[in-house]
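Trainee: I would like to learn how to read a structure slowly, one feature at a time. Could you show me the protein and then take my questions in turn?

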Amino acid sequence: MKLDIFNHIFPLPFFTRLEELLPNGPIERWKTIQTLYDVDARLRMLDEFGDYQQILSLSQPPLDEIAGPDQTPALARLANDGMAELCRAHADRFPSFIASPPMNNPDEAVIEVERAIVELGACGVQIHSNVDGKALDAPEYFPVFERISQLGRPAFLHPARPMQHADYLAEEVSMYEIFWGLGWAYETSAAMARIVFSGLFDKLPDLKLIAHHWGAYIPHAEGRLAKHWGARASQSADHAYGPLQDNLKHPVIDYFKMFYADTAMFGAQAASQAGLDFFGAKRSMFASDCPFDAEGGRIFMRDTIAVIDSLRCSDGDREAIYSTNARAMLGLN
């Protein structure tokens with residue numbers, strides 16, 4: 001049995017509400033991806049892959065990009081209730097879901113995290129790489145991470161970066177889809193760095209964080225992380241001048257290896273091997289990022305499986321990546 005831990009879907013009640021809130025948004029484009037909102041189409045696709053289960057999570061955009069803090073708590077409840085219903089109705093294919101909290105309302109986010117995990121059975125919480133442009137190490141978000149850690153479930157770190165986030169200061173918008181093609185991986189990596197250097201792992205040693213797309217650029221920056229980054233002095237206006245390492249209990253590289261990571265690399269063989277080599281098989285978990293391809297998820301699923309089957313690792317490692325790691329972490333044994 002393969003357990004695919006990072007897949008996106010819109011529960012139909014939430015999708016209907018989204019269409020009301022974003023009448024000029026990307027709804028028509030989303031409707032072209034039938035498996036994104038039509039559960040029967042998703043189930044028919046999964047039948048093609050045999051013993052295959054998916055953990056469900058809400059698709060983009062983040063709730064804080066849809067509405068203000070007065071509306072996002074209700075949106076989160078609608079989304080999470082819809083996810084829980086899908087999992088109850090189709091437990092053989094969808095054993096659990098990742099909850100979406102209203103991060104632009106941190107007090108309500110803490111409440112929703114607890115409700116979704118304790119009452120609805122969510123196996124984790126999806127946190128985007130920023131909250132309406134604000135970094136995750138801002139003090140108001142600490143109670144959210146603290147409650148996730150206390151409840152013994154992981155946070156799934158997903159990138160978020162809009163087209164309006166320009167690639168150059170002299171421009172107004174990102175060109176050539178760079179905001180997505182390169183920017184999302186940067187967003188994940190930057191969020192991981194802020195989490196590390198802010199000392200979040202020291203404050204919450206039991207916190208489990210899963211970095212999407214096998215840790216994005218982090219495996220490829222190992223040389224900087226291991227020998228140089230921590231020794232550099234912070235020269236920003238709001239930080240004391242001194243080596244970044246001084247504020248941490250362990251070497252910088254050790255913190256980046258505390259993250260878990262998933263295999264959603266869109267069939268990239270070399271990058272996948274780099275992710276596995278950096279994080280190790282015990283901290284790597286199968287994910288395809290279904291359904292955002294030309295076949296509603298089939299291409300990502302097929303290509304990811306083909307890559308994992310060809311990685312330089314033992315059969316035991318492969319089994320751990322495909323299923324046993326995630327089942328243990330998510331409480332699905």
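Predicted model: local features only at pLDDT ≥ 70, side-chain atom pairs only at ≥ 80, totals over all residues.

Trainee: What does buried mean for β2, and how many of the residues of β2 are buried?

Mentor: In a regular strand the side chains alternate between the two faces of the sheet. Buried means under 20% relative accessible area, exposed means over 50%, and partly exposed lies in between, with a 1.4 Å probe and protein chains only. For β2, 7 of the 7 residues are buried, so this strand is largely enclosed by the rest of the structure. Helices (H or I, at least four residues) and strands (E, at least two) are DSSP runs, numbered from the N terminus.

Trainee: Which strand is joined to β2 by bridges?

Mentor: Two strands pair if DSSP finds at least two bridges between them. Here 6 bridges join β1 to β2 (residues 52-58), and the two strands run parallel. Leu3 stands opposite Gln53 in β2, while His8 stands opposite Ser57 in β2. As for β1 itself, 7 of its 8 residues are buried, so β1 is largely enclosed by the rest of the structure.

Trainee: How should I read an aromatic pair, and how many does the structure hold?

Mentor: A pair of aromatic rings is described by the distance of the centres and the angle of the planes. Rings of Phe, Tyr and Trp (its six-membered ring) pair if their centres lie within 6.5 Å; planes under 30 degrees apart count as stacked, over 60 as edge-to-face and the rest as tilted. The structure holds 13 aromatic pairs. One of them is formed by Phe6 and Phe156, which are edge-to-face at 5.4 Å centre to centre, with 90° between the planes. Phe6 lies in strand β1 (residues 2-9) and Phe156 in strand β5 (residues 155-158), so the pair ties together parts that are 150 residues apart in sequence. Phe6 and Phe156 are both buried.

Trainee: Is the pair of Phe10 and Phe15 stacked or edge-to-face?

Mentor: The ring centres of Phe10 and Phe15 are 5.2 Å apart and their planes are at 25°, so this pair is stacked. Phe10 counts as buried because its relative accessibility is 1%, and Phe15 counts as buried because its value is 4%. Phe10 and Phe15 also belong to one aromatic cluster with Phe14, Trp30 and Tyr37.

Trainee: Where does the charged end of Lys2 sit?

Mentor: A charge sits over a ring if NZ of Lys or CZ of Arg is within 6 Å of the ring centre and within 35 degrees of the ring normal. The charged end of Lys2 sits over the ring of Tyr322, 4.8 Å from its centre, and that of Arg283 sits over the ring of Tyr260, 4.3 Å from its centre.

Trainee: What volume does the largest pocket have, and which residues are the closest to its centre?

Mentor: On a 1 Å grid over the protein atoms alone, a cavity is a set of points where a 1.4 Å probe fits but cannot get out, and a pocket is an open set with protein on both sides within 12 Å along at least five of seven lines; lining residues have an atom within 4 Å of a point. Grid points are joined across faces, edges and corners, and a volume is the space filled by probe spheres set on the points. The largest pocket has a volume of about 1,100 Å³. Of the 36 residues that line this pocket, Gln60, Arg161, Phe179, Trp180 and Trp184 are the closest to its centre.

Trainee: How many cavities does a search of the whole structure find?

Mentor: The search finds 2 cavities of 30 Å³ or more. The largest cavity has a volume of about 110 Å³, and β4 gives the most to its lining, with 3 residues.

How values were computed. Residues numbered from 1 in each chain as written. Heavy atoms only, no water.
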